[in-house]
Amino acid sequence: MNKFSLKNSLSCAWVEFVKWLIDARMIIVLCLCVFIYSFAVEPIKENAKLMGEPMNALEPFIAVLNSGMILLVMPLGFLTLISDFPKIDGSTVFYIFRIGKKSWLCGQIIRLFLMTAAYILSIFAASVVGVITSGFTGEEWSLVATTFASEFPEQSGNFGVQLLPENLYNQMMLPTAFVESALFVIAYLFSLGMILLAFSIAKRKTAGIVVCGLVIALGAALCSISTKLMWVFPMAHSIVWLHYTEFLREPIFPVFYSAIYFAAMIFTALIFCIALLKKFDYDIISLEVHS
């Protein structure tokens, strides 16, 4: 087996990432961006227009990453986009023989991170581009987020208000909400990819897709009924406002514990990948590809 080479891993990751970017399935990202804009951004913009106040340009993105509905659709879309990850074809076998198993595995993990980051960046663009000219930038929550419901009590139940619950702006500064929301959703999507990678190395990719789908669906269902069992699944950990009450400073579930949860989940999947990689027979894959 060839020695591990970070240079080879980076090269492998970049080539396969570019292939992923130009895949026809990227239309899913466009559809998701349109959905996010109409479902989450426009309701907040309508509230800002009604109030006559600008919103912080980052608030729609924070709202998107804290919406239970969007955090059901978003992981499913991501899972669809990476359903063939890691892709096994003739060029893949060539990469593996040339750079070695360890370099290939590292390349797949780097590629997964790039795909996750690109996916989140596209969602960020869809959330921000429509409000950047009319909103403002800064570290403060806008009056649209903090006082709209009190100034327009008859509108207090509208969807734009629900997207930015009091658990967010009462408990943390906007930059904190932005960073934690982005990092935890990235960790959620990355964890799904690591699960799929482990199952793929075990030659059980279909089972991996099913498991990831169940993790997404069960997590969303348990979050919707607010049961303590929701903390068993990654979705609850990725929604920042669920960690806090509306007014009290004491958290319902410490954010630090969620960071440990994702770290443990990713590390466990990595250990399985390394262990399974030793038994992975690429000769059989090569025969399957050329048969």
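I began with charge: the mean positions of the 18 positive and 19 negative charges of the protein lie 20 Å apart. I note that this is a predicted model.

Next I looked up the overall fold. I counted 15 helices and zero strands. The C-alpha trace spans about 70 × 40 × 30 Å along its principal axes.

Then I turned to surface and contacts. The protein exposes about 13900 Å², and 69% of that comes from carbon and sulfur atoms. Of the 291 residues, 47% count as buried. Among contacts with a separation of 6 or more, I found that 81% join residues 24 or more positions apart.

I picked out helix α12, residues 205-224. Its 20 residues reach 29 Å from first C-alpha to last, close to the 28 Å expected at 1.5 Å a residue. Which residues of α12 are buried? I listed G208, C212, V215, I216, G219, A220, L222 and C223. An α-helix has 3.6 residues a turn, so residues three or four places apart point the same way. The buried residues of α12 pack against α4 (70-81), α11 (174-201) and α13 (234-238). Just after α12, I noted a positive phi of about 50° at S226.

Last, I looked at N66, in the loop between α3 (59-64) and α4. Why does N66 count as buried? Its relative accessibility is 4%, and buried means under 20%. Leaving out residues up to four places away in sequence, N66 touches L168, S181, I239, V240 and W241.

Notes:
Residues are numbered from 1 along each chain as its sequence is written. This is a predicted model: local features need pLDDT of at least 70, side-chain atom pairs count only at pLDDT 80 or more; totals for chains, interfaces and linings use all residues. Side-chain values use heavy atoms; hydrogens and water are left out. Helices (H or I, at least four residues) and strands (E, at least two) are DSSP runs, numbered from the N terminus. The expected span of a helix is 1.5 Å times one less than its number of residues. Buried means under 20% relative accessible area, exposed over 50%, partly exposed in between (1.4 Å probe, protein chains only). Contact means heavy atoms within 4.5 Å. Accessible areas come from the Shrake-Rupley method with a 1.4 Å probe; for residues, only the protein chains shown count as cover. Lys and Arg count as positive and Asp and Glu as negative; His and the chain ends are not counted. The place of a charge is taken as NZ of Lys, CZ of Arg, CG of Asp or CD of Glu.
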